[in-house]
Amino acid sequence: MDFEKSGKRDVSCTLPTMVMRKDSFAAIMSKISIMNSVFSEIEKLDSAEEYKRIIKLVEKHIPQFPEELSLVQTKVVCLIHLNQIEDAYNYILKNEAAQKFTFEKAYCLYRLNRSEESLELINEEPNPTPSFKELKSQILYKLERYNECFDMYRDIIKQSKDSFTNERESNLTAVISQLSKLGDNKYDIPTVKQHNTYEFMYNIACVLIERKEIEKAQDLLDQAAKSCRNTLEEEEATEEEILEELTTIKVQGAYCLQKLGRDKEAQSEYTDVLKYKPKDIGSLAIASNNLVVLNREHNVFDSKKKLKSTLSDELTHKLNTWQLKKVMLNHCRFALITNQLDQCTQLSNNIEKKYPDLIEDIILIKAVMLWRQNKNFEAIDLLKKFVYKQENPTAKLNCTLVAVKLLLLEKNTNEAITLLENLGEFKYKLGIVSTLVTLYLNVDNFKAASDLFNDTLSWYSQKEVDNSKITILLKQLAKLHLREQDPKEAAKRLTRLLELNPNNKKFLAQLIIAYTQFDPEKAQMYSKQLPPLDLQDTDIDLLENTNWMMGSKLIKKSTLKPDFAGSKTEVEKKRKKKRKIILPKNFNPDVPPNPERWLPRHERTGYRKKKDRRSKETGIGKGTQGASNVSSEQFNIKNIAAQPKPQTAQVPSENAPRLQHRKGGQYKKKKKGK
């Protein structure tokens, strides 16, 4: 499964300010005094954020002053503050005949996730104010038109001079992070300063993640978490509100741990987030998805439960398109891993219709499904059709490699070679070259392997890459020629290698060995370039006497220790003295020795055992320990055949109770004389 990461966060769009005009709504002095008192009361309630009371006050005076549109606008703004967006939009439509309320209407459409309609409404405005521009930039961000959004935010920051600069800078960094995700790294990363908000730090960390600077991003996320807690504590926020605000930072920090390979720590962080059950369903879904990725094929039931939380319809407005694609793909892959092939087929078809750009992943998933059903040839045909039609080189490469693997499992080497040869310039990647050469040699096509090496060398020479890859290719090509008993071609490659690496004595030695096979004079010429041997501290006698065929370990063991005293007598081995052979007194060289002289006496031919009473009663004879006539008679097969078969008894198990010994009184003693 691919790893899915948390979405970027920008500061929410600034709400429209209440417009309260006191000098243009009354023609009579009594009306002026009433309106002044109403607006002064609204100002007091607004500072206390008592929006419901403002709505009651406004609704009371709107029938008296229907021409005063500021009261209508005030009610709309209060409904927006109370998050009653749909009510605010409907109220605007009722009063649209008197005034259009373009900005408020566009903002309500934006909050109702009708971004396209909101953008059309803003574009129709002939003289857009700065508020219109800021709202438009937010809509462009939501529509994922990041280049336009970046240009607009940059212009707004240059022109504006108010207290919202930090919020705009945070939004700009959020745009840069999304552009970095799309591979656009032309924008510099803004530097973090002491006065920057924790939202700004968070978004810079997201930029660093996209540019593969994970450790720096993790440090910055830790700073953002501390700054977030300090800021909210100063604003007297509750612990619940602080934890809710920290959720997104914790999820992104866990993703950094996941990218650094610290899976257990990342798993613990994700689990903590899920235990807290945040209100932000976006962070909840991302933590669940990433935890499933970490579980892989383990904890299947837990993973299935967590994946359900990523199926909410509201997520389409909380996550961007890239994140939604990854979540859906992970659903499909999880079904494949758990062998739910019908569900996997249904999900893959839905993804193919909804996101045609994911066709590569869908083809690979379908090929794996066919392979699991033992339909290898159908899987190969599916991949081959996609490969030959595909124009995207990366997608073509991935599917080709999977098809080649399946073909090799079927021992179809020639067709695998054909597919790899169809990769275009990707054919010259060192890994592909190595695979193709191995396959060529497997079918005894040495010429094709040599031609591929030569084509790859010319391709890399035109690209003007570093000499390391050319060195690798020349080295392998020289080995190939030496293997095929072609020292002349090997010498050419080794000569080029020596030109690229003049100080490499190993290449020089290999070149001399190659030349000795067909041109000894050149070998002698090159041998003069070898460094002289330093034999001052070398023991020549030791080298001559050492058996080199036994290996280096034996050589190390057989080396003599230096003689610190300087005497040769201690180093020389002492010869063993031969003992004089002592013959027996009656030794006669003409008589051959007794062949039974080494046998024990009782086993010799002329031995006769003594007949005494003790041996009769006991019946103990010479032989193995414990041998007796009784036992031999007992186990004689003739006697066993004549005896009746005894009844078999069950052997008690290990867990059965131990058997008790019988009392001695149960056996009767024999009477004497009977």
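This is a predicted model: local features need pLDDT of at least 70, side-chain atom pairs count only at pLDDT 80 or more; totals for chains, interfaces and linings use all residues.
C344 is buried, with a relative accessible area of 0%, and its sulfur lies 3.7 Å from the closest cysteine sulfur, that of C332, which is too far for a bond.

**Cysteines**

- The count of disulfides in the structure comes to zero.
- C206 takes part in no disulfide, and the nearest cysteine sulfur, which belongs to C256, is 8.3 Å away.
- Like C344, which has a relative accessibility of 0%, C206 counts as buried, with a value of 0%.
- Because a disulfide requires two cysteine sulfur atoms within 2.5 Å, the 3.7 Å between the sulfurs of C344 and C332 is too far for a bond.

- The side chains of R154 and D151 meet in a salt bridge, with a nitrogen-to-oxygen distance of 3.1 Å.
- Both R154 and D151 belong to helix α8, which spans residues 146-159, and they are three residues apart, or about one turn of that helix.

- In the salt bridge between the side chains of K306 and D302, the distance from nitrogen to oxygen is 2.7 Å.
- K306 and D302 are separated by about one helical turn because they stand four residues apart in helix α15, which covers residues 300-308.
- The two partners fall into separate accessibility classes, since K306 is buried with a relative accessible area of 16%, whereas D302 counts as partly exposed at 30%.

- Salt bridges that share partners join R229, E233 and E239 into one network.
- Within this group, the side chains of R229 and E233 meet in a salt bridge with a nitrogen-to-oxygen distance of 3.6 Å.
- R229 and E233 both lie in helix α11, made up of residues 214-234, where they are four residues apart, about one turn of the helix.
- R229 counts as partly exposed, with a relative accessibility of 26%, and E233 likewise counts as partly exposed, with a relative accessibility of 44%.

Conventions:
Residues are numbered from 1 along each chain as its sequence is written. Side-chain values use heavy atoms; hydrogens and water are left out. A salt bridge is a side-chain nitrogen of Lys or Arg within 4 Å of a carboxyl oxygen of Asp or Glu. Helices (H or I, at least four residues) and strands (E, at least two) are DSSP runs, numbered from the N terminus. Buried means under 20% relative accessible area, exposed over 50%, partly exposed in between (1.4 Å probe, protein chains only).
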